[in-house]
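Please look over the sequence and the model before reading on.

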Amino acid sequence: MNRALKTVVGVVLTAVMLFPVYWMFNVSLTGTSDMRRDPPYLFPLHPTFTGYQAVLRDQMPYLGTSLAIGLGTVVLTLLVAAPAGYSLAKLRPLGGQPLTFILLIAQMIPGIIMAMGFYAIFLSAGIINTWWGLVIADSTLAVPFAVLIFTAFMSGIPDELISAAKIDGAGSWRTFLHIVLPISRNPIVTVSLFAFLWAWSDFIFASTLNSGGTMQPITLGIYKYIGNNNQEWNSIMATAVVASIPAAFLLVVAQRYVAAGVTAGAVKD
Amino acid sequence: MSISKTADRTSRVATRVSTREERPPRYRRLLGWAYLVPVLVYLIAFYAYPLYRNVELSLRDYTVRSFVSGDARFIGLDNFREVFSSPTFASAIIHTAIFTFVSIAFQYVIGLALAVFYNQNFRLSGTLRALFLVPWLLPLIVSASTWSWLLNSESGVVNAALEAFGLPQINWLTSPTWSLIAVIIANIWIGIPFNLVILHSGLQNIPDELFEASALDGADAWRTFRHVTFPLLKPVSAITLLLGFVYTLKVFDIIWIMTRGGPGASSTTLSTWSYQLGFGSLLPHFGPGAAVGNILIIVALVFGLLYIRYENAQAKR
């Protein structure tokens with residue numbers, strides 16, 4: 001196969017793979033009267049924005065809540081994970097390795113189990129149906145990953161740099177704050193992006209821990225749409241398009257951080 | 001999720017390397033624990049405690065009322081007995097097995113084929129490969145609702161395509177014969193990027209000389225794949241598959257949003273059954289729901305520990 005032909009095949013394969021995403025766009029621009037047309041229009045030849053008007057009308061509070069939950073999750077994750085990464089990478093306390101093992105296992109626990117446990121706890125504590133309760137639950141998706149990413153990156157910081165700071169009279173806290181954190185910009189960005197994305201995408205915690213709250217995230221907004229008006233798929237798909245913006249942002253603007261996360265150590269040993 | 005694993009590996013490599021270096025002085029190691037306090041408190045409060053509560057749920061007779069009053073009766077393994085004797089139990093186990101194995105088989109084969117294809121140097125190969133990440137980055141509810149509409153019986157584009165080719169239409173989501181297949185198709189689509197990315201990075205670590213040597217020996221593309229690429233990719237493949245098991249066992253959102261495990265129990269897996277029992281009806285059965293969850297976690301941990309063992313064995317070589 002020559003190279004031009006390979007490009008053609010590559011484009012076709014990508015197009016097939018991304019067809020569902022295209023279809024989401026297409027349906028989001030389809031008018032309600034054309035929704036049940038058989039066969040459906042393959043292209044949005046008569047685009048209408050009724051779907052997006054519905055998003056503006058109904059979904060803005062949900063999007064706002066998701067934004068708050070996402071940002072809250074990022075902050076909580078960074079606060080817990082960055083010092084832990086520093087400790088495991090540079091201070092290396094006894095018992096650090098079992099902790100790494102526990103973090104690995106923690107990532108494998110199915111969400112439904114965590115959701116049920118949190119439900120029992122939140123109910124007794126009276127914090128069920130709060131948006132910040134979801135910040136706590138959603139952060140469990142990101143904290144183990146974040147600690148492991150920080151540890152991996154900070155292990156690569158030369159020990160000389162840390163010793164130099166010490167000679168200059170900096171304690172470990174100042175070294176962490178003024179030397180280690182500023183160089184750790186890349187893992188901070190990677191962790192933040194993924195913590196945000198996972199919190200933004202969470203459905204299982206939202207539907208169990210915040211099913212009756214006044215501030216609900218966008219995943220529940222979509223879910224209710226599906227349940228309530230399953231005639232208006234243009235509105236559902238328009239909401240889905242809007243809910244995909246963080247993912248699109250990640251891919252277009254922050255792709256090198258995604259790649260950094262994925263290939264950080266992928267199969268290099 | 002896949003990202004996490006790659007990071008884990010790096011961190012463990014790092015830990016291994018670090019142990020060979022000079023040990024830091026003792027006070028620094030004690031100091032190290034001070035920085036671990038937040039994460040330890042966090043793990044105990046938000047991992048250990050929910051897991052403990054989940055075990056407790058499965059051993060008591062909980063109702064909405066006793067949740068609030070806190071006086072649920074201890075009933076030992078009755079919830080587990082109820083779950084084991086339920087007719088749904090066998091179907092949930094079988095569906096979980098089918099869902100997991102079929103999803104992984106297709107994700108792996110397709111992911112591997114794409115990884116080999118996009119590993120060649122041609123215009124746009126990098127960009128196109130990056131675009132394959134899209135299904136994996138989308139919120140699951142977005143993918144699941146999109147697939148619901150694609151597979152809709154009357155107005156779905158998939159059925160329109162079948163009709164155009166003169167094939168009979170399929171009630172993907174509403175017939176008990178097809179519902180499990182429908183959610184598997186959607187799940188394969190979501191899982192391909194993970195397999196593609198990991199396998200591709202594995203391919204990149206195979207030295208080019210090996211392919212050149214194979215070509216010099218007159219091997220065609222298939223023989224090169226069969227005798228060079230695939231054997232060298234075995235460790236990466238094993239990691240991809242084992243992690244795939246752990247992550248596929250967890251899948252809940254896609255199935256719940258597309259079919260709610262139905263019709264009947266035709267696409268019910270352990271995850272959706274657990275949710276169904278605990279939250280899916282007006283009369284919640286928290287105890288049995290937690291019991292199913294605890295069965296699921298044991299299965300997941302078996303594969304998880306296999307993965308970690310394999311990883312460590314690989315790393316020691």
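Which residues of H13(B) are buried? The model is predicted, and in it the buried residues of this helix are B:Val236, B:Ile239, B:Thr240, B:Leu242, B:Leu243, B:Gly244, B:Phe245, B:Val246, B:Tyr247, B:Thr248, B:Leu249 and B:Lys250. Because 12 of the 17 residues of H13(B) are buried, this helix is largely enclosed by the rest of the structure. Helix H13 of chain B covers residues 234-250. From its first C-alpha to its last, the helix reaches 25 Å, close to the 24 Å expected at 1.5 Å a residue.

B:Val246 also belongs to the largest nonpolar core, which has 163 residues. B:Val246 is among the residues with the most contacts inside this core, together with A:Ala81, A:Ala146, B:Ile254 and B:Met258. Helix H5 (residues 131-155) of chain A supplies the largest share of the core, 16 residues. Domain 1 (27-76) and domain 2 (87-316) of chain B both give residues to the core, so it lies between them. Leaving aside residues up to four places away in sequence, A:Ala146 touches A:Thr77, A:Ala81, A:Val191 and A:Ala195.

The contact between the chains takes 95 residues from chain A and 93 residues from chain B. On the side of chain A that touches chain B, the largest share, 14 residues, comes from helix H1 (residues 3-28) of chain A. The residues of that side divide as follows.

| Class, side of chain A that touches chain B | Number |
|---|---|
| Nonpolar | 66 residues |
| Polar | 22 residues |

Terms used:
Residues are numbered from 1 along each chain as its sequence is written. Chains are lettered from A and ligands numbered from 1 in the order in which they are written. This is a predicted model: local features need pLDDT of at least 70, side-chain atom pairs count only at pLDDT 80 or more; totals for chains, interfaces and linings use all residues. A nonpolar core is a set of buried Ala, Val, Leu, Ile, Met, Phe, Trp, Tyr and Cys residues joined through C-beta atoms within 7 Å. A residue is buried if 20 or more other C-beta atoms lie within 10 Å of its own, exposed if 12 or fewer, and partly exposed in between; C-beta atoms are placed from the backbone. Helices (H or I, at least four residues) and strands (E, at least two) are DSSP runs, numbered from the N terminus. Domain bounds come from an automatic or database domain assignment. Two residues are in contact if their C-beta atoms, placed from the backbone, lie within 7 Å. Ala, Val, Leu, Ile, Met, Phe, Trp, Tyr, Cys and Pro count as nonpolar, Asp, Glu, Lys and Arg as charged, and the others, Gly among them, as polar. The expected span of a helix is 1.5 Å times one less than its number of residues.
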